[in-house]
Amino acid sequence: MPAIAGEPVAVALAASGRYVLARSVKYHRPRGPVCFSGRCDGCLMRIDGIANVMTCRAPARDGMHVETQNVIGTAESDLLSATDWFFPGGMNHHEMFTANKLLNRAMQQVARRIAGVGELPTRLVPDSPPRDARCDVLVIGGGPAGLAAATQAARAGADTILLEETGETGGQLLCFPGGVVDERERELNAPAVAAELTRDAESAGVRILLRHGAVGVYDDEVLAHAKDHVLRVRAKRIVVATGSHEGAMAFEGADLPGVLGVRAACALLRHGVLPGERVAIVGTGVWSDALARALRARGAEVLGPFAAAEVTRARGRPAVRAIDVTRDGAAASERLACDCVAIAPPPSPDYELAEQAGATVVFSGEAFGVSAASDDGATSAAHVFAVGECTGASGLRTMLAQARAAGERAARSLRAAHVTTTAEGGDV
Amino acid sequence: MTARRSQPALALTTVAALPDAADVVVVGGGIMGLATAYHLARLDPARRIVVLDKTYLCGGASGRNGGGVRAQWSSETNIRLMKESVRLCAEFATEMRINVWFRQGGYLFVARTESRARELAASVELQRAHGLRTRMIGPSDAKKLVPELDTRTLVAASFNPDDGVVFPWPFVWGYARACEQHGVALHTFTEVTALETDGGGKRIAAVVTNRGTIRTPLVVNATGAWSPEIARLVDIALPNHPHRHEICSTEPLKPFLRPLVADLASGLYFSQSMRGEIVGGISNENVPDGLDQRSSIDFLGLYASALVEAMPVLGAVRVLRQWAGCYDITPDGSPIVGFIDELDGFYQLCGFMGHGFMMAPIMGKLAAEHLVSGKGDPVFEKWNFRRFRTGELVHETMILG
Amino acid sequence: MSDKVILCRCEDVSAHDVEEAVARGYRDLESVKRFTGFGTGWCQGKQCVALCARLIVAAGGEIPTAPITPRPPFHPVPLAHLAGLHRRQKDEP
């Protein structure tokens, strides 16, 4: 399969027209990448003898051996999908086959054999010692809010580290196919703003650690995972700028390969890959509009954007081929052919690390987000700030202002702590 | 070095009103309390039984353990009781009509020194005298059982093919449903804030909760790690205390590991769940006091080191999630059960260390029989609270995790 | 393709499964998670927790006051990279 060296394997597969990469664990329904950002399980494949590799994060290399997992047959045609047909109303795994001991045991033996996704790895991975780092302010997330917070903290005199899980900073600005209005009221294309924010952080002396994904916050340490080792960071203040991602939408067939997030579709476009020739967009907002414009500019046909309530079903086997839409006021639904469905549900903030750090997370009615002061990102934990989309905020200018205030406050609070000998760290 | 988390909010989800009187109130809606309530309701349908839990079902150790169920123990009482409990686990799915995924792949205890091997062998002899099929095996047989195991430093191992692993949560749901079907009033998100006594403080009179008071002559303390707190409400100083134990699961793999592998020297244990994940833990003395259920970096390091040393191919396998629960630790490793001399109507069912889950099916049954008939299995005297006063401690050494 | 509205792709949990859990009295987020299995798979709820929370409320369950407990690691990490984490330099800079 052809690929551009270094691009994610899932992107290369999409470029070859392949969205059907895997099968689900229970019903063996076809599965494909949804987020292209390491926040789902749709892109998992076996690469070079290692199971469960997230192909949206695995850079393609010449000679790489990529296989589908957990199928009898192929991802496109898995014999085990008979389970899906056999249990049309769903499989009640709690109660099935509990009437009779022999049947129960037989059922369990089958269930165990079918269970599991990856085979054991065929090669040994050597132990790799952890590394350590220290700083005054640790910023988690190298998107616009993280970059702004880190820059401000560094300018205010704090020794600042920024952890970014991908190979570049800029976050969503890198994929947004349109213009944004920055803090100086200039309308620029999004990647240009990302580049400027990155330059500012670099010249302010922020230690930017790319390909370092924060994976856990513990009492006095943050654990990050780099490609082949982990890094423990001790910081006096933490600024969480982990952003948000598209979650799932509830309509029949929303789990079909070819149904992906609008941001994921934009990420594909950025890699020069058209997500589909005829793309249906479900859910409205800035991303939906920007995606629609960008798709049309590249010669793709765009259906919608439709409101989420208008779409009742996505159809196709093994990948999406049509959607059923009941437009507002229409008497009946129409079936529209498409080869990709880009969904824009309310965004789901990445609240996990902030919560582990001690910040309160609340439910907005739509999603969970970190509870943070809108002006400076202060949270319920004294040493933790949260800025940007992980707090449920939106709007570039507002978020940048909040992020800068957080960076400033985080740095200044360290000086104050020295003077008054206040205990560091928040209480649980 | 532990993950911080904000305090969980108590949401009142229980719909029914709390009764104002009951014949027995079981405090603790984990598997121990629910099994007891279930058997009580079956033996004595006229009895008004209430079960209280301060959070959601499966919130305590019943929802956090690794699902191990074994009869390999060093003390006679444990061997005898667990032999029966294993049998009850095997019957549970068809008896209670809910799948619990009980898989009897056996437990393999490994010994890496001669002295450990001798200790194991002594337990094995005792187990065999009780009719268990446990046997001592050498490194090459252990290797046949678990080809991926590094057996180079293995001296010997014990293996009982009838030990196994379950998925814990459906036990709780199964008992809960059966309780309700038998008329037990189950109230979650209901916290006991005080216990009232009368007769000059000589017997239990009522349970006070955040949702109301229940008059009752009998309280069963089945709160596990929280049991000393409950006992303190009536000024009883139980000698047990909570001790955090962490646990971890990996990404799901196709089935390859038949037994649960355990090493008493380090407390390491691991097994493959029905979903294909490797689930396990290890001993760690460096833990905070009290009811701390947060996760730590140190546990990850300890566990990963030991696990990869025992099974090198797992180095490439990824940890998906780590969590924790609290063991309910007693000075001699044996539980605290039965009535207490100091206060009438206050029945203990706690101190089960890290194996309360697997003991609950038999203990709930025996406790119910004791409460209904007044005549109990000898264990309610042998493991009684009074032993800490008389010095007749009962030691159990084959503790894991 | 059969008629299942899948909410949690990692564990194949459907909208019907969630509604059924609520109907059976498992009405808070943590209980529904355990009973249905949503959020317990590979992505640990990243894709589905918000959607499931909304559906639980719509089905008459409890409005959540906290998310399902987020435990480390945020992304799966190989055991070989974690071995040794408990060993520390006595004197750190």
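1. In which sense do strand E18 and strand E19 of chain A pair, and over how many bridges? In this predicted model, strand E18 (residues 311-315) and strand E19 (residues 322-325) of chain A pair in the antiparallel sense, over four bridges. A:Arg313 has A:Asp324, in E19(A), as its bridge partner. The two strands form a hairpin with six residues between them. In the turn, A:Gly316 has a positive phi of about 140°.

2. Between chain A and chain C, 55 residues of chain A are in contact with 46 residues of chain C. On the chain A side, the elements that give two or more residues are helix H2 (82-86), strand E6 (131-140), strand E11 (213-217), strand E12 (222-225), helix H8 (352-356) and strand E23 (361-363). By class, this side of chain A has 24 nonpolar, 14 polar and 17 charged residues.

3. The contact between chain B and chain A takes 32 residues from chain B and 41 residues from chain A. Helix H2 (76-96) and helix H7 (297-310) of chain B each supply at least two residues of the chain B side. That side divides into 17 nonpolar, seven polar and eight charged residues.

4. Chain B itself is divided into domain 1 (24-63 + 169-240 + 332-390) and domain 2 (104-162 + 241-329). Taken over C-alpha atoms, the centres of domain 1 and domain 2 of chain B are separated by 30 Å. The contact between these domains takes 12 residues from domain 1 and nine residues from domain 2. On the domain 1 side, the residues divide into six nonpolar, six polar and no charged.

Definitions and conventions
Residues are numbered from 1 along each chain as its sequence is written. Chains are lettered from A and ligands numbered from 1 in the order in which they are written. This is a predicted model: local features need pLDDT of at least 70, side-chain atom pairs count only at pLDDT 80 or more; totals for chains, interfaces and linings use all residues. Two residues are in contact if their C-beta atoms, placed from the backbone, lie within 7 Å. Ala, Val, Leu, Ile, Met, Phe, Trp, Tyr, Cys and Pro count as nonpolar, Asp, Glu, Lys and Arg as charged, and the others, Gly among them, as polar. Two strands pair if DSSP finds at least two bridges between them. Domain bounds come from an automatic or database domain assignment.
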